[in-house]
Amino acid sequence: MSTQSDEPNGSDAWQDPDEDFPIYRAQPTPEDVPGFMTRALAHLRTVEGTDDVEFEHVTLQSAQDVWLAPIGAYVPEEDVPSTPEEIAAGASPTGPWGAPMLEWETGVRRAMREAWGEPVTYTPRLVADAQEPEGILDYVMLAQDFAEAELWDRSDVFVALFSDWSGEPAASMLRQVALVLPREHIMRGIGVFLDGDAELHELLMHGEHPMELRRRAWLMSTIYDRGEVRLRDAPIDAVRCNLQALDRTTTVWIFADDERQLVLVQDPTCTLVEVLEGLAGTDSLPTDEETGVQQPWSHEQLILIDRMLDRVPDDLRACITARGETMRGDVAEHALEFGLLDGRPVPIISGAFWFDGTSWRATPGLAETAYRHGLTADDFGVRKAVRKPYRLGGAFTVAQLAPPNDVQRREVLQRVFDACPFPEQPRPEGDACLAYGIPRENASPTEIVEAIERASEAWWDRDPDDCKVGDRVFVVAGRELDGSAAVGTIDTILATSEIWTVDALREWTYGLLQAMDARWGEHQMLDVLYDHAGVAGRRTPLTRLIRASGFSEAPLWWVNGHAVALLAGVPDPAHGSEPIVLIGIVRADAVMEMLGRMKIWEARRRARYVESLATLVSSNDDDELQPAGCVPWDGPPLEGSQVVPPARRIVHRTNSVHWVWHLTHDGRGLLTSHALVTDTLGSSAQNDPASFAERVELFTGVPDDLLSLVVDRDPDGAYPAIEREGDPDGTDRLARARTLPAATAVFFYDGLDWRTTTAMLRRAHAKSQAEGIDPVTALYSTEVGVPQLVRLLLSGEELTTEQLTDPRYGQLAVGRAITPEEANAAYDRLGTPIDLALTGTLNDLIDVVLDGPEYRYLLDAALSAVDPTNRREIALWLLEQGVDASSQLSFLTPVNVLLANLTLDADDAAVLSRLLDSGADPGCGRLGVGAGLHPIVQLCDRDLDESDLLPLVEVLLGERLLPATTDEDTPPARVDLTAPALPDGLSVLDYVRAGTFPHDRSRTGLLTRLQEET
């Protein structure tokens, strides 16, 4: 880094570029910078060419008509660190140049404002679904990580000043740069750089011969409209053919006698119409001065529509408004509507394309609109208005327009076809009929295969969303991969076609499949409906991707440790009728289920049963095994409350592997294995720093709240732990951890699937390469213990006494044969759902309950539980599972059951609130007044202090503790305090005012509150 003074703030700190110093300043003082920039602009206006320019000792760099001028810089690593005494005196810790450069940076900005006025603060703008930079300034800012710029309008150019500290000002790197951009670059954005290739659309018509297009336009216009009409008063000889659908989708063809063509389309449902509607709201639409009627198109909208006709030859464009005349001499009405722009008629269209005699073209205005909003030709209405009705790329005969059994219609159509003056042309050759449905950019099979390899390799370290602007590593043949490691898949639709060109798509796909087989070996087929044993219903991120795309099977390859799936063909009608080719790259843990078809609740029930069995047997053998326990964690609270139930910890062994489950109330979990003999990570000492670092890497990727189950938790003998040597060195949970489980494998359940961490996947990838096996087999290997765990849980099999007493199972589970009595006793020890809802904990209940209708009757049992903590956790959990509290199992409503509880207090307000949100009756219930019990009357009669009673009454009156998170945003039910509520006709208010209660407690506060409500 160059600077030019031995002392901070030296006056010659800009003259000598040869010495190495930690700073750079383009001028002696900040006040000199505006004058320098003014002189530099004047000089640049005289420069020809694109080479860099040296001006007043400053190198002005050039690219794409943009000039970059370095103004200031500071590299703290090259500065001399301050001494403790200097820091105490106020110096920057990084060195003496930090503070002066902070003064320089702010001084330059102040001087520029004083000289040129207040700038516009500009932040990067992204456009379209792909979120591409809108213009060159946005591109530079995103590529260089500039958060904002100060922008000045200097007539023919704009000047942007970037002043960026990488961290704390004066103590981090400074980049201060001025960017000079031509005015057009700011006003038109990236459209400035769109060249003729952006306008050229050679395959727009799917390779159809111009004569064939005229034939089809003539036929459709003759069958469904006025037929071909000759244009009068036009500067050239031309004809027009119209086609308009019932939804007013309109196609207008203009065929000049010199073989040029123009097609105008208007699709009222296309994406461009949404863009037009966004340009001007209702308030800005013009109003007719005489009638006061609002016009359908604003001035801004008409400008954009008019720009779509830019550079269409004037003589061809004049044909749009020319008068049409039928064969009989009648006036042919135009199918399009028109608006007036500065007195000129503008056709209301969503797209325009023209044929110059050689190639099909879009206009610059349309190309720029397409880029700015991320639109394709179909978003302008081409598919609906042109490709589908005219069946581009496919056959166009009577057979395509009339069913075989409609003989009469076929005869009429045949006469029209026979009368057509234009001969049928051959079908386009090769893949031309697919047009832009298949990729045309770097799109040979070999290039596609190589792009997939690059993406699969890069996915180890980052996701597509992590890429900077211009990084194309997750782009395959121009198609961007979408997804993440959290989902487990990244994918993109590589190609599409219409049903009448699916044969060409099939041939193209077969060539791609052959290239994949040649590069990666013969594929294996994955059937998502059945596994190798004929069991239905695979459920993984990959199979969900396949099903969501409308397919039931896909060829699979392994590439760089990831699976690559090719989905191709006509999808199931429920998922669409458009043939597609989709590429998916899938993590190894997202391909196959680790524990088979078991849902998390079933896996938990079996794991808890196996532990109960092992505990029972070991206690008989005087070899105690750690029983099930509970662990607090930083998980999500139960809906409508702040209650976070502890997680269940389950421990058991499978041969040489020690498994520990941590299972949570929200259907997620953490599963770790611990080798009993050797540490597969190669760590022997408990306090070995390398070993702890390896464990940190092993757990990296586990969701943060699940990490709280094991980070710095007391294992209480459930698993071996490893301690960090020295102090933590970070802020996230793993970086500040002091103890971690000494695990050899880590898996977590994310609510849908068992997943694992990148470190586990890397290890599986290395093992698969070393042993010649696929990564899934390596990931779920016997060394990790997954096959033993699957066998231990009897995944895919019934949990029967016969299975449990099999000597081989007993040896695996407890080290000896299990007797039928032990098998039954272990099950009985877990308890029954109804007993556990009444007397157990939430974890006890979840250990044995599965999805089913029994949840409703469990709710009343839970509301009757005497233990307050268990009552609230179980009731809130049942309601979170979707229990309908509107049904009534006895003369008591669920609200009555709760309010009758002997240990009821104010903290039960959260349960009461959730009951009402879930449909519970806040009044007398189904039995009505007289037989039913009103909740507020019931509370009045309870021997409770008003401090416990009033929060519950507030809930009944409609005040919720937390916003309802149910699917339907329904207002809280209101209680009518003046309606009859007791058998003698008294209302709630009358009863409380009377003050006759079965206890001596005051209800003055309650009465006041009820009177306020009424």
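Colleague: Before we look at Gln-769, what counts as a helix here?

Modeller: A helix is a DSSP run of H or I with at least four residues, numbered from the N terminus. In this predicted model, Gln-769 belongs to helix H21, which spans residues 758–771.

Colleague: Is Gln-769 buried or exposed?

Modeller: A residue is exposed when its relative accessible area is over 50%. Gln-769 has a relative accessibility of 59%, and therefore it counts as exposed.

Colleague: How far apart are Gln-769 and Gly-561 in sequence and in space?

Modeller: In sequence, 208 residues separate Gln-769 and Gly-561, while their C-alpha atoms are 8.7 Å apart in space.

Colleague: Which residues form a nonpolar patch on the surface?

Modeller: Ile-834, Tyr-857 and Leu-889 form such a patch, and together they have about 260 Å² of accessible area. One of them, Tyr-857, sits in helix H29, residues 855–863. Tyr-857 is partly exposed because its relative accessible area is 36%, a value between the limits of 20% and 50%.

Colleague: What lines the largest cavity?

Modeller: Its lining includes Ser-221, Asp-225, Arg-240 and Glu-333. Strand S12, residues 238–244, gives the most to this lining, with three residues. By class, the lining of the largest cavity holds four charged, three polar and three nonpolar residues.

Note on methods
Residues are numbered from 1 along each chain as its sequence is written. This is a predicted model: local features need pLDDT of at least 70, side-chain atom pairs count only at pLDDT 80 or more; totals for chains, interfaces and linings use all residues. Side-chain values use heavy atoms; hydrogens and water are left out. Helices (H or I, at least four residues) and strands (E, at least two) are DSSP runs, numbered from the N terminus. Buried means under 20% relative accessible area, exposed over 50%, partly exposed in between (1.4 Å probe, protein chains only). Patches are made of residues with over 30% relative accessible area and no salt bridge: like charges are joined within 9 Å, nonpolar side chains (Val, Leu, Ile, Met, Phe, Trp, Tyr) within 5 Å. Accessible areas come from the Shrake-Rupley method with a 1.4 Å probe; for residues, only the protein chains shown count as cover. A salt bridge is a side-chain nitrogen of Lys or Arg within 4 Å of a carboxyl oxygen of Asp or Glu. On a 1 Å grid over the protein atoms alone, a cavity is a set of points where a 1.4 Å probe fits but cannot get out, and a pocket is an open set with protein on both sides within 12 Å along at least five of seven lines; lining residues have an atom within 4 Å of a point. Ala, Val, Leu, Ile, Met, Phe, Trp, Tyr, Cys and Pro count as nonpolar, Asp, Glu, Lys and Arg as charged, and the others, Gly among them, as polar.
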